[in-house]
Amino acid sequence: MMKRIKINAYQVGLVFENRKLVTVLQEGTFWIFGNKDVMVYEMNQSFVAPVELTILLQNEVLASMLEVVEVADNEIVLFFVNGMFKEVLTTGRYAFWKGYADNKFIKADLSKVNITEQIPVNLLENVKVRAYTRRFQVLNFEKALLFVNGAFVKELAAGTYYFWNNAITVEVKNVDVRQQQMEISGQELLTKDKAALRINFFVRYQVVDVLKALVNNKDFEKQLYVLMQLALRAFVGNFTLDELLGKKDTIAATILDEATNKIAELGLTVSDAGIRDIILPGDMKEIMNQVLVAEKKAQANSIMRREETAAMRSMLNTAKLMEENEMLWKLKEMEYVEKIADRIGEITISGSGNIIGQLKEIFVK
């Protein structure tokens, strides 16, 4: 039996006899004799072996024409054709024809955590590769800590981080390092003289030591809240209500001075704090109002007494001068006559007599 086979450019023919590879045909026309099978392959496609690939590679001609890639269980291979990513090769053995295209392969070990292979970042976001990676992002106002299998590894600055996706536990803990404000509201406290009041307090803080804040302490924000709450309670309990009201502008600074060391142990720094409100209960507010009214009345009475004393002293000095100087007495008398005359709208004189004489009797002594 004889048959004619034509192999075109970029084709390869494999001649099998009893399932054994006997000849490799390249471009040209060939006559095949006997009971033999010919399989024609396109070089622009990957080679799919009809039998075990190891057996076929025993043929030196075929072995020289193929590039074989082996991928272990814990590996993947990124396959590029003419510089362009094509696909991900998983566990198995693959063969590609040489000479048709520029094939490139990047083998990656998935058993480790860090991606040490030279793989472009944009490729790690490719939908075909994304399933094999873990992605963590640290924003520009954050810092983060990297933990592998529960153990601290290093501190991460702002950026995007990729790790291979495997059975190893990888955790990234983020923390906001901007200045933040905590409200400590509605604190019901007792002063030294047992006066009940409610205080609204605030604290501005910032994380400066991420390791202390996240590793050495649990829920550092809750700890800061309790720390400031207890410091405020202890401070208020040392003063009477009047003393406390007199010190309200310095309360925050005093509390911060006392709590600085404990705040630093949390990995924090506090830049500012203050009291928003001091709220008294209704009965206490009424008593304070009464005290205030009494103080104002006492101040008013004191001012009135001083004014009266000054007026009497002035009158006494005037009387002494008038007693010693008759002319001054006459001038003062004329001043009063003038004041009286200004208030008189009409003068009625009854009876007979000299008008001038009657006026003298009225105004002149």
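**Reading burial, salt bridges and a bent helix**

Mentor: Let us start with D272, which is partly exposed at a relative accessibility of 30%. Buried stands for under 20% relative accessible area, exposed for over 50%, and partly exposed for the range in between, with a 1.4 Å probe and protein chains only. This is a predicted model, in which local features need pLDDT of at least 70 and side-chain atom pairs count only at pLDDT 80 or more, while totals for chains, interfaces and linings use all residues. Residues are numbered from 1 along each chain as its sequence is written, and side-chain values use heavy atoms, with hydrogens and water left out.

Trainee: With which residue does D272 form a salt bridge?

Mentor: Side chains of opposite charge can pair when their charged atoms come close. The criterion is a side-chain nitrogen of Lys or Arg within 4 Å of a carboxyl oxygen of Asp or Glu. Here the partner of D272 is R204, with 2.6 Å between the closest N and O atoms. Since D272 belongs to strand β18 and R204 to strand β17, the pair ties together parts that are 68 residues apart in sequence. R204 is itself partly exposed, at 28% relative accessible area. Strands are DSSP runs of E with at least two residues, helices are runs of H or I with at least four, and both are numbered from the N terminus.

Trainee: How many salt bridges are there by this rule?

Mentor: The count is nine. One of them joins E183 to R276, whose closest N and O atoms lie 3.0 Å apart. E183 is in strand β16 (residues 180-190) and R276 in strand β18, so this pair ties together parts that are 93 residues apart in sequence. Both side chains belong to partly exposed residues, E183 having 35% relative accessibility and R276 a relative accessible area of 45%. In another bridge, E125 pairs with R130 at 3.5 Å between the closest N and O atoms.

Trainee: What contacts does S271 make, leaving aside neighbours within four places in sequence?

Mentor: Contact means heavy atoms within 4.5 Å. S271, in strand β18, is in contact with Q179 and R204. The side chains of S271 and Q179 are also joined by a polar contact of 2.9 Å. That term denotes a pair of N or O atoms within 3.5 Å; within protein, one must be able to donate a hydrogen and the other to accept it, and residues adjacent in sequence count only if both atoms are side-chain atoms. S271 is partly exposed, at 49%.

Trainee: Where is the kink in α7 centred?

Mentor: The bend at a residue is the angle between axes fitted to the seven residues ending there and the seven starting there. In α7 a kink of about 60° is centred on A259.

Trainee: Which residues of α7 are buried?

Mentor: An α-helix has 3.6 residues a turn, so residues three or four places apart point the same way. The buried residues of α7 are I251, A252, I255, L256, A259 and I263. They pack against β17 (196-207), α5 (220-236), α6 (241-246) and β18 (268-279). After the helix comes G267, with a positive phi near 80°.
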